[in-house]
Structure formats: structure tokens, C-alpha cells
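My notes follow the order in which I looked.

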Amino acid sequence: VDVGSRVTDGQILIQLNQSELLAQLRQAAAELLAEQAKLDELKRGTRPEEIAIKEVEVANAKVSLEDARRNLTDKIQDAYTKADDAVRNKTDQLFSGPRGPYPQLNFVIADGQLKAKVETGRKRAEETLILWKSSLDALTPAANLIIYSADAKRNLNEIKTFLDDLVLVINMLSSNTSLTITSIDAYRLDNATARTNINAALNNLSQAEEKLSGSQSSLALAENELALAKSGSTPEEIKTQEARAGQAQAKVELQQAILAKTTLRSPLAGVVTKQDGKLGQTVAINTPVVSVISENNLEIEANVPEIDIGNVQIGNPVLITIDAFPNEEFNGKVAFIDPAETIVDGVVNFQVKVTFDREDTRFKSGLTSNLTIQTLEKPGVLLLPQFAILETEGETTVQKIIKEEIVEIPIKVGIRGRNGMAEVISGLSEGDQVVSGEEKK
């Protein structure tokens with residue numbers, strides 16, 4: 001605003017650059033929206049659509065678990081098949097009576113201890129296959145597959161040991177009239193195939209177990225998430241989010257308060273009398289840059305000595321004369337009394353503000369005025385000039401003329417006016433004659 005401009009109450013007079021503060025306010029407002037959205041979501045609870053999704057995830061996890069159980073069941077059955085083929089198809093050609101109680105190698109080797117170990121291994125392999133087959137007759141996907149899988153691994157490792165020992169036997173063979181090199185190579189190939197199949201069966205069982213374990217974990221997780229979605233948010237979670245939203249709201253209010261300090265608004269409707277702020281200028285702290293005076297309802301500021309301030313009250317009528325209008329009198333009233341003292345030339349005073357009873361467009365700021373404050377008014381009382389009153393040693397008297405004689409009588413005085421008159425409460429009556437100060441002289 002420029003000097004001489006008329007402004008309204010609350011109108012912006014001057015404003016600092018706000019670009020950075022506005023950006024910070026927008027950021028705080030965005031954070032508040034985000035935290036409030038989270039709070040609303042917690043209070044609302046999980047939507048039916050989200051619960052439906054969780055239910056589908058549980059159903060899919062159950063299907064995957066059933067697939068994993070069937071897969072492990074198949075791998076256990078396949079492990080038996082591979083073990084049966086490895087023992088009864090791939091190695092029986094090396095034994096006579098391989099499935100009987102006393103299987104014997106069809107040829108002699110130099111290591112008798114190894115020969116006995118292999119023959120015993122074949123016997124144990126047969127017993128293992130028989131017991132294994134019997135247990136698999138009760139195998140279903142609903143059974144405890146981990147136990148069946150552990151049994152299968154133990155049986156496979158036992159047969160694997162037997163096949164490893166048999167490799168040593170085959171490596172000792174040499175061709176002769178009853179055993180050709182072609183036969184030895186065939187034994188070696190069949191044994192290698194059998195060992196490969198056993199290792200594959202062991203690996204398949206491990207992978208199937210991992211798949212089953214993962215499916216069980218996925219199902220448990222999906223069921224827990226579904227239960228959590230159905231249960232909704234806990235009171236503690238809601239209170240925590242309410243606190244976060246409150247913090248975000250406080251940040252917004254803080255930024256708004258900081259931003260408000262960058263704008264100087266007019267406290268009243270009036271006219272701008274000073275404008276020292278220029279665009280782009282850096283203003284020193286505590287330096288007035290704008291002044292506004294009211295066009296109407298001007299106030300008079302005056303200092304009342306402490307000896308008189310006790311009689312002054314808000315609302316006291318005031319007779320006002322202004323030096324600029326010497327032949328006129330104006331009326332007003334006391335509107336404010338400063339509770340703190342003001343030292344003027346080393347003397348304690350108290351500042352009062354007086355308002356006019358009516359507006360006058362001729363009034364200007366800075367005019368000099370004289371005030372007469374009426375602290376008390378009593379109509380219809382007996383008055384006596386103060387110069388006729390005698391006050392000695394705490395006694396108040398007057399000299400009354402009674403039958404041409406002067407008699408000193410006591411009186412009681414009430415309020416005293418600045419016009420030299422005093423109220424007589426008792427001791428005199430209207431029409432009595434007293435000696436004036438001049439007569440006493």
C-alpha cells in the first residue's frame with residue numbers, strides 16, 4: 001500500500017517473500033493427508049474386496065499344498081520303483097539266488113571280505129524292498145509324508161551303499177573263458193545306471209519335501225493374513241496412527257503460523273501515513289515500516305498524576321477542548337487506564353485514553369487537547385466556597401453570622417470541586433450567612 005491509501009481492518013499492508021514457506025506448507029499438508037488417509041483406512045477396516053482376495057489366496061495355497069503332497073507321494077512311490085529296478089533288474093544278473101536267503105556272486109573275486117559284504121548287502125536290499133513295499137500299500141496323500149519320505153531316503157542310501165560296494169567287485173573282474181569283456185562292460189553300465197537312478201530318486205525326494213514345506217508355509221501365511229484382515233485394526237494401532245496424524249496436523253499449523261508472520265495486516269480501518277518498505281528490500285528487525293491512523297474514532301492519550309489517578313474510573317465523563325478549535329467544547333469518556341506507571345520528568349503518572357462521544361471529520365492525529373475529567377457528580381447539594389472554610393488541627397469550621405455576631409461553628413465537608421466549591425454535608429443550612437475570606441481579612 002502507498003502513503004495516503006485508505007485500508008480496511010485486516011487488509012494486507014506489506015508482505016515478505018513466501019515462496020519457500022509456501023512449499024514447506026504444501027509438503028506438511030501432503031503429509032497430513034497421507035497420515036489421515038492411513039487413519040481413515042485403519043478405522044474403516046479391511047474392505048470386503050481385500051478379504052475376498054485373501055480368501056482366494058488361501059484357497060490357492062491349499063491347492064498348492066495338495067499338489068505338493070501328491071507330488072511327494074509320487075516321488076516316494078517312484079523312489080521305490082527306482083530302487084526295485086536298481087536291485088532286482090540291474091544287479092540280479094551278478095548273483096545266483098539273488099532273492100533267496102543266501103544270494104551268491106556268480107564269480108570268484110580275490111577279496112573274500114568284499115564278496116561277503118556284497119552278498120550280505122544283496123540280502124539286506126531284498127529284505128528292505130519287501131518291507132518297503134508293504135509300507136507303501138498304506139501310503140496316501142493324507143498320510144504323514146515326511147515319515148514316509150525319511151524311510152524312503154534311508155532305504156535308498158542303504159541300496160546306494162550296496163551299489164557302491166558292487167562297483168568295487170565289478171572293477172575286480174577280468175575276462176576269461178566264462179566271462180567276456182562285453183559282459184563286464186554290461187555289468188558296469190547297468191550298475192552305473194542303477195546308481196544314477198538312486199541318486200536321482202534321493203534328489204527328487206529332497207525337492208518334493210522342500211516344495212511341501214514351502215506350500216505349508218504359504219498356506220499358514222495366507223491363513224494368518226486372512227484372519228488379520230477379518231479382525232481389523234487394533235485400538236493400539238488406531239491410537240498410534242491418530243498420534244501420527246496429530247503430529248502432521250501440528251506441522252501444518254506450525255507452518256501456517258510461520259507463514260502468517262510474513263504478512264503485516266492493518267489492525268483498523270484508516271489511512272496509511274508511512275510506507276518505508278520497498279519491493280526487494282531487506283528490512284531490519286524491529287524497524288517500523290508502515291503506519292496507519294484511524295479516520296474516525298480517534299483517542300486522546302493523557303498522563304494523570306498519581307495523586308489524582310485514584311479518583312479516575314473507566315466511564316468517567318470528560319470535557320474536552322482542542323487548541324485547534326478554541327471556541328468549541330467536546331465531550332468524551334475515559335476508555336482505558338494503564339495499570340502500569342509511566343515516568344514523566346521523574347514523576348509517576350498513569351496513562352489514560354479518552355474517546356469522543358461523537359465523530360468529527362476535522363480531528364487529526366497529533367492535535368493538542370485539554371481534558372477535564374469529572375470523577376463524581378452530586379446534584380442538589382449545599383455548596384460553599386472553599387475559601388470560606390477554616391481547617392485547623394483536624395477540625396473544619398466556618399464563621400457564621402448570627403444576629404450580627406460572628407460565631408465559629410464546625411461543619412462536615414463532602415466532595416470538593418476543581419471550581420473552588422465544596423459540598424457541606426452538615427453544620428449549615430441554605431440561606432445561612434458566613435464570613436468570606438475577604439471579610440476575614
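Predicted model: local features only at pLDDT ≥ 70, side-chain atom pairs only at ≥ 80, totals over all residues.

How exposed is Asp164? I got a relative accessible area of 26%, so I wrote it down as partly exposed, because that label covers the range between under 20% (buried) and over 50% (exposed).

Next I looked up what the side chain of Asp164 meets, and found a salt bridge with Arg195, at 3.0 Å from N to O. Asp164 is in helix H4 and Arg195 is in helix H5, residues 181–231, so this pair ties together parts 31 residues apart in sequence. I checked Arg195 too: its relative accessibility is 31%, so Arg195 also goes down as partly exposed.

**Another pair, within H4**

I stayed with helix H4, which covers residues 145–172. Here the side chains of Asp151 and Arg154 form a salt bridge, 2.3 Å from N to O. Both residues belong to H4 and sit three residues apart, about one turn of the helix. Asp151 has 27% relative accessibility, so I noted it as partly exposed.

**A buried pair**

How many salt bridges are there by this rule? I noted a count of 25. I picked out the one between Arg88 and Glu126, whose side chains meet at 2.7 Å, N to O. Which helices does it join? Arg88 lies in H2 (residues 48–89) and Glu126 in H3 (residues 112–136), so the bridge ties together parts 38 residues apart in sequence.

Buried or exposed, I wondered, for Glu126? Glu126 turned out buried, at a relative accessible area of 7%. Arg88 is buried as well, with 15% relative accessibility, because the cut-off for buried is under 20%.

**Last stop: Asp9**

I finished with Asp9, in the loop between strand E1 (6–7) and strand E2 (12–15). At 55% relative accessibility, Asp9 went into my notes as exposed.

What does Asp9 touch, leaving aside neighbours within four places in sequence? I listed Ser266, Pro267, Leu268 and Ala269 as its contacts. I also looked up Gln247: it is 238 residues from Asp9 in sequence, and the two C-alpha atoms are 33 Å apart in space.

Note on methods: Residues numbered from 1 in each chain as written. Heavy atoms only, no water. Helix = DSSP H or I, 4+ residues; strand = E, 2+ residues; numbered from the N terminus. Buried < 20%, exposed > 50% of the residue type's maximum accessible area, 1.4 Å probe, protein only. Contact = heavy atoms within 4.5 Å. Salt bridge = Lys/Arg side-chain N within 4 Å of Asp/Glu carboxyl O.
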